[in-house]
Amino acid sequence: MIRYFWKYRYLNLFFILFGCFFSLYNLTSFKVFFDSERIIELSNVDKDIIEKSIDDSNLLLIGVELEDSLSYQTAKSIDIVVNKLSESDYIRSIRSILNERIFISKSVFPIPIKALNLKSDTSYIRSLKNIEQLNSNFITNDLKNLLLVVKCKNLESEEHKINLLEYLDRQFSEISNAKINITGQIKSEIYMKKNILNEIILFILFSAVLCSLILWYFLRNYRLVMVCVFSIIMSIIYSFSLSNFLFGGIELIMIIIPAIIFIITISDFMHLLNNKKLSTNKYKLFNYQLLNIGKPVFLTSLTTAIGFLSFTFGSFEPLMRFGVVTTLSIFICLFIIVTSFAIVTDLNLLSKIKYQLSSRNLDRILSIFNNYKKIILTSFFIFSLLGVVNMSIDNYLTDEVNDKSELYKEINYFEKYFGGIKPLSFTIINSTEKFNSDFVDFLEKDEVSVDIVFNRADTTLIKARIKDIGAIQSKELYERIKVFSDEYKTTISLGGVGYLFDQISNDLTFEVLIGLVLAILLIGIIFVVLNNFNIRYLFVSLIPNLVPMLSCLGVLSLFGFYLSLSNAFIFAIVFGLIVDDSIHIISAYSINRKAKKSIEESIIYCRENTFHAVIKTTLVIIVSLLPLLFSEFKSISQLAYITIISAVFALIFDLLLLPILLRKYIK
């Protein structure tokens with residue numbers, strides 16, 4: 001295999017470039033799948049529940065935020081806009097204070113009247129007094145915020161959805177001194193798809209610049225920097241093209257693939273470039289690096305792929321697709337890296353590297369760590385314990401957006417003024433009017449906003465919303481509803497996108513974590529098999545990677561961090577990535593021990609060679625991930641800071657404590 005890469009290096013490069021050209025052509029049109037849409041579409045939940053829930057995807061909430069209390073003229077202006085909207089081909093119905101009916105008395109025969117009467121200024125003032133006494137879900141007490149619940153139709157394509165949102169913005173812009181907030185799955189879907197593409201492009205550009213700068217600092221050779229960055233960009237293009245070819249688009253969670261490719265490519269490339277004993281024979285040099293460093297590089301690619309492959313055994317298809325695409329991309333990336341390294345060796349670029357990390361500087365770093373060895377060990381133990389004890393799993397609809405996002409601000413508006421954005425539906429069979437009334441009162445006392453009550457023959461359908469309180473608290477609410485229905489001996493069937501999300505999200509999170517545990521154990525077993533079934537390698541290979549992750553989790557738990565579907569798989573990714581450095585150190589140590597070198601000689605070899613590459617790789621990864629910290633998508637920003645914290649902890653552990661484990665257990 002080594003001879004193949006050397007002999008056909010330029011032919012391989014031709015095929016890589018040729019394939020990259022067609023991959024770019026393939027990416028001229030691709031689709032981004034939205035997570036909540038996929039949860040509904042691809043879940044294994046009872047199809048009857050899904051059919052009752054799917055209609056919520058056509059629900060839009062429009063909030064009209066006024067500078068002053070609602071005046072008669074402003075109400076007339078809003079009424080004109082609502083009448084225009086009702087004529088749209090995309091709108092089925094609109095519920096608001098303008099068509100809400102309230103009961104003026106609770107006698108035997110209560111009389112329903114319009115909540116807001118706009119026939120005259122006098123009738124308008126009178127209706128405001130009625131609203132003040134009886135309250136309404138469609139207007140706040142200070143009369144400064146109005147809610148419109150819009151049911152959409154005929155939204156068969158993304159273009160239709162965009163047209164509808166633009167139409168709504170145009171119509172409401174005619175209302176003076178008013179700010180419009182719109183939320184719903186349609187709005188979130190369009191907003192996130194649009195911003196995902198922008199973020200992918202910006203991340204690649206900024207990270208490429210930062211990566212180039214830090215690589216230049218370590219290598220001081222612009223051609224090597226160009227080869228590395230070029231390899232990264234081509235690998236990213238292949239990854240997205242592969243997903244587009246296999247599945248017709250990319251899943252929302254695949255937006256972190258560029259970060260993964262950055263980390264994998266940089267790590268492998270930096271290790272291959274790490275060689276102080278250069279040979280004048282180019283093939284001999286290439287062969288030496290592939291034999292001594294190429295094997296650990298392949299092993300790290302294999303272990304990283306195993307981490308991602310664990311996603312393919314779950315029931316959530318977007319994660320399965322993510323696992324397949326990332327696993328294949330890792331080996332495509334490896335092929336590109338080895339080909340690039342063969343060309344770098346042939347062009348004699350390795351001799352021009354100026355190493356910026358001297359052994360003296362490394363000794364200073366290690367001496368600092370050694371001076372605080374007990375404190376560091378104690379800190380690892382405490383934070384790991386905190387990570388285990390404080391581990392919690394929960395899921396929110398807004399998990400994917402940061403609180404500084406415009407989308408989050410709009411969602412928070414409805415959370416604050418109109419009872420939330422999580423849709424629920426309740427179907428009641430053979431209920432009485434008294435039960436319906438008592439049940440609505442029960443829901444409102446439990447902070448559930450009831451929008452619509454439909455009475456059809458022997459069935460009552462209630463459409464409602466709750467705040468985004470998380471899957472755990474939501475399930476507690478559902479239990480209270482079940483107790484209420486049992487007391488009245490009436491069957492209540494729950495549905496809605498919010499209910500469906502709560503039923504699925506935590507289970508999927510557990511699936512991801514179970515997959516991570518299995519992947520970790522499998523990686524440990526591989527080490528045992530590769531080292532003559534020495535069971536000690538199981539602990540030596542896992543401890544340096546588990547402890548940094550658990551310590552990271554412990555630190556984050558101090559700031560209210562919880563595991564969710566949007567970040568649980570990040571820890572699987574992080575494990576696959578931080579395991580690379582420990583594998584290189586363990587492999588270098590094992591190779592030297594098999595070469596009959598003493599324990600101390602093997603440790604010294606690791607310190608003088610492998611440690612340099614580990615430190616440089618970690619620094620390059622940290623710098624390259626910095627732009628992600630400012631992403632408005634939580635899965636991206638969380639990938640950045642979780643990886644950075646874990647990578648720093650892993651570096652400290654690998655440099656300070658891993659040699660101790662090797663001395664004690666691998667003799």
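Lys482 and Asp486 both sit in helix H17 (residues 471-487), 4 residues apart, which is about one turn of the helix. Their side chains meet in a salt bridge, at 3.2 Å from N to O. The model is a predicted one, and it holds 10 salt bridges.

**Salt bridges**

- Side chains of opposite charge can pair when their charged atoms come close.
- Another salt bridge is formed by the side chains of Asp451 and Arg465, at 2.7 Å from N to O.
- This pair links distant parts of the chain: Asp451 lies in strand S10 (residues 449-456) and Arg465 in strand S11 (residues 459-466), 14 residues apart.
- Asp451 counts as buried because its relative accessibility is 8%, and the cut-off for buried is under 20%.
- Arg465 is buried too, with a relative accessible area of 1%.

**Strand S2 and its partners**

- S2 pairs with strand S6 (residues 145-152) in the antiparallel sense, over 7 bridges.
- In this pairing, Leu59 stands opposite Lys151 of S6.
- S2 is also joined to strand S7 (residues 178-183) by 6 bridges, and these two strands run antiparallel.
- Here the bridge partner of Leu66 is Ala178 in S7.

**Loop residues with positive phi**

- Asn348 has a phi near 60°, a positive value in a residue other than glycine.
- Asn348 is located in the loop between H12 and helix H13 (359-371).
- With a relative accessible area of 39%, Asn348 is partly exposed.
- Glu447 likewise is a residue other than glycine with a positive phi, near 60°.
- The loop between helix H16 (433-445) and S10 is where Glu447 is placed.
- Glu447 counts as exposed because its relative accessibility is 59%, and exposed means over 50%.

**Nonpolar cores**

- The largest nonpolar core has 197 residues, of which Leu70, Leu116, Phe172, Phe322 and Phe569 touch the most other members.
- Helix H20 (residues 565-594) gives the most to this core, with 17 residues.
- Leaving aside neighbours within four places in sequence, Phe569 is in contact with Ile253, Ile256, Phe311, Leu319, Phe322 and Val512.
- Another core lies apart from the largest one and has 20 residues, among them Val448, Ile466, Leu494 and Tyr499.

Terms used
Residues numbered from 1 in each chain as written. Predicted model: local features only at pLDDT ≥ 70, side-chain atom pairs only at ≥ 80, totals over all residues. Heavy atoms only, no water. Pairing = 2+ DSSP bridges. Salt bridge = Lys/Arg side-chain N within 4 Å of Asp/Glu carboxyl O. Buried < 20%, exposed > 50% of the residue type's maximum accessible area, 1.4 Å probe, protein only. Core = buried A, V, L, I, M, F, W, Y, C linked by side-chain atoms within 4.5 Å. Contact = heavy atoms within 4.5 Å.
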